[in-house]
Amino acid sequence: MRCGKKLVQAIGWETPMSDWLHNLSVPWMALVVFGFTYFLAMLVFMAVAALSTKTRVASFKSISAGLLPVLGVIFGLFVAFTAAQVWSDSDHAATAVSREASALRAVILLAGGLPPEQEARLRSLVHDHVEEAVAVEWPLMARQKASLKAAPAALTEALRLVISMPVQSPGQQTAQREIITALDTALDARRQRLILSQSEVNSIKWWCLYIQAVCELLAIALIHCDNRLGSAIAMGLFATGVATSALLIAAHDRPFTGQISIAPTPLLQIMPDKEVSR
């Protein structure tokens, strides 16, 4: 595990440079991704143009054009598999936030069946948890620094409060049981969103994606080495497709980072007031 982490750091994608890229707004991220991709295409074009002497053109032209669809299909599969991971992580993260908010909303509603003092205390604890999640946990998740080591103090105290609560009627006993279930659901949903905040496309996948793209660009340049205008147009079109795919993946890569990220809106919508009027 340590060797793998060191290798990833040596490759240089999962570094502060990656954090900087993911925190850019979408227009600036598009500028960086498109600029980098076009720069690679230009390097390949210039290298092939410099090597395309009269003695080499025949050898370059002997490469079958049937290679292009094969390389293109492989690149498309890379994009599809990578995007599938990104969409899955993003959907699961959004579901975890909604599930946590729904569970906390159930706690607030069920607290109405408890004695006034206990209801007020429970609502206050839910308020504190949401406040801490928005002010503390969300920035940590955006930086992928959130940890499961520390349990949420407010929810833990709420769980202890409800478990130790003396019940005076069958209705309160039912409310107590349902509140415990809802709090357990909220704790599990919180764990899920913290875990998913660590998810991202690793550097190996990014390198494989761009190496495959360079192979396709190189094949286009070699096959069209005797027609530089046609080669430049074809390479430009493919580079645009590569950059578009990379931008789409990078913008959604980390569920809680960047301009297109999951906001704590569901939690804020169910956040109760600390004082309850009766």
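Modeller: A residue is called buried when its relative accessible area is under 20%, exposed when over 50%, and partly exposed in between. By that rule Glu-200 and Arg-254 are both buried. The model is a predicted one.

Biologist: What makes the contact between Glu-200 and Arg-254 a salt bridge?

Modeller: The criterion is a side-chain nitrogen of Lys or Arg within 4 Å of a carboxyl oxygen of Asp or Glu. The N to O distance between the side chains of Glu-200 and Arg-254 is 2.9 Å, and the pair therefore meets the criterion. Glu-200 lies in the loop between α8 and α9 (203–223), while Arg-254 lies in the loop between α10 and α11, so the pair ties together parts that are 54 residues apart in sequence.

Biologist: Why are Arg-191 and Asp-188 described as separated by about one helical turn?

Modeller: Both belong to helix α8 (residues 170–196) and they are three residues apart, which means a separation of about one helical turn. An α-helix has 3.6 residues a turn, so residues three or four places apart point the same way. The closest N and O atoms of Arg-191 and Asp-188 are 3.6 Å apart, in a salt bridge. Arg-191 is partly exposed at 35% relative accessibility, and Asp-188 is partly exposed at 24%.

Biologist: How many aromatic pairs are there, and why is the one formed by Trp-138 and Phe-256 called edge-to-face?

Modeller: The count is four aromatic pairs. For Trp-138 and Phe-256 the ring centres are 5.6 Å apart and the planes stand at 85°.

Biologist: What makes α5 and α6 roughly antiparallel?

Modeller: Helix α5 (residues 67–110) packs with α6 at an angle of about 160°, the axes being 9 Å apart. Angles over 145 degrees count as roughly antiparallel, and α5 therefore runs roughly antiparallel to α6. The crossing of these two helices, α5 and α6, is left-handed.

Biologist: Why do α7 and α8 receive the description roughly antiparallel?

Modeller: The angle between α7 and α8 is about 160°, with their axes 10 Å apart. As the cut-off is 145 degrees, α7 and α8 are therefore roughly antiparallel to each other. Their crossing, that of α7 and α8, is left-handed.

Biologist: How do you know whether His-129, Gln-144 and Ala-151 are buried or exposed?

Modeller: His-129, found in helix α6, has a relative accessible area of 2%, so it is buried under the 20% limit. Gln-144, found in the loop between α6 (116–142) and α7 (153–163), has 14% and is therefore buried by that limit. The phi of Gln-144 is near 60°, a positive value in a residue other than glycine. Ala-151 is also found in the loop between α6 and α7. At 56% relative accessibility, Ala-151 passes the 50% cut-off and so counts as exposed.

Biologist: What span does helix α10 reach, and how does it stand against expectation?

Modeller: Helix α10 (residues 228–252) has 25 residues and reaches 36 Å from its first C-alpha to its last, close to the 36 Å expected at 1.5 Å a residue. Its buried residues include Met-235, Phe-238, Val-242, Leu-247 and Ile-249.

Conventions: Residues are numbered from 1 along each chain as its sequence is written. This is a predicted model: local features need pLDDT of at least 70, side-chain atom pairs count only at pLDDT 80 or more; totals for chains, interfaces and linings use all residues. Side-chain values use heavy atoms; hydrogens and water are left out. Helices (H or I, at least four residues) and strands (E, at least two) are DSSP runs, numbered from the N terminus. Buried means under 20% relative accessible area, exposed over 50%, partly exposed in between (1.4 Å probe, protein chains only). The expected span of a helix is 1.5 Å times one less than its number of residues. Rings of Phe, Tyr and Trp (its six-membered ring) pair if their centres lie within 6.5 Å; planes under 30 degrees apart count as stacked, over 60 as edge-to-face and the rest as tilted. Axes are lines fitted to C-alpha atoms, for helices over the stretch in contact, and angles run from 0 to 180 degrees between N-to-C directions. Angles under 35 degrees count as roughly parallel, over 145 as roughly antiparallel, 65 to 115 as roughly perpendicular and the rest as oblique. A crossing is left-handed if the near helix is turned anticlockwise from the far one by less than a right angle, and right-handed if clockwise.
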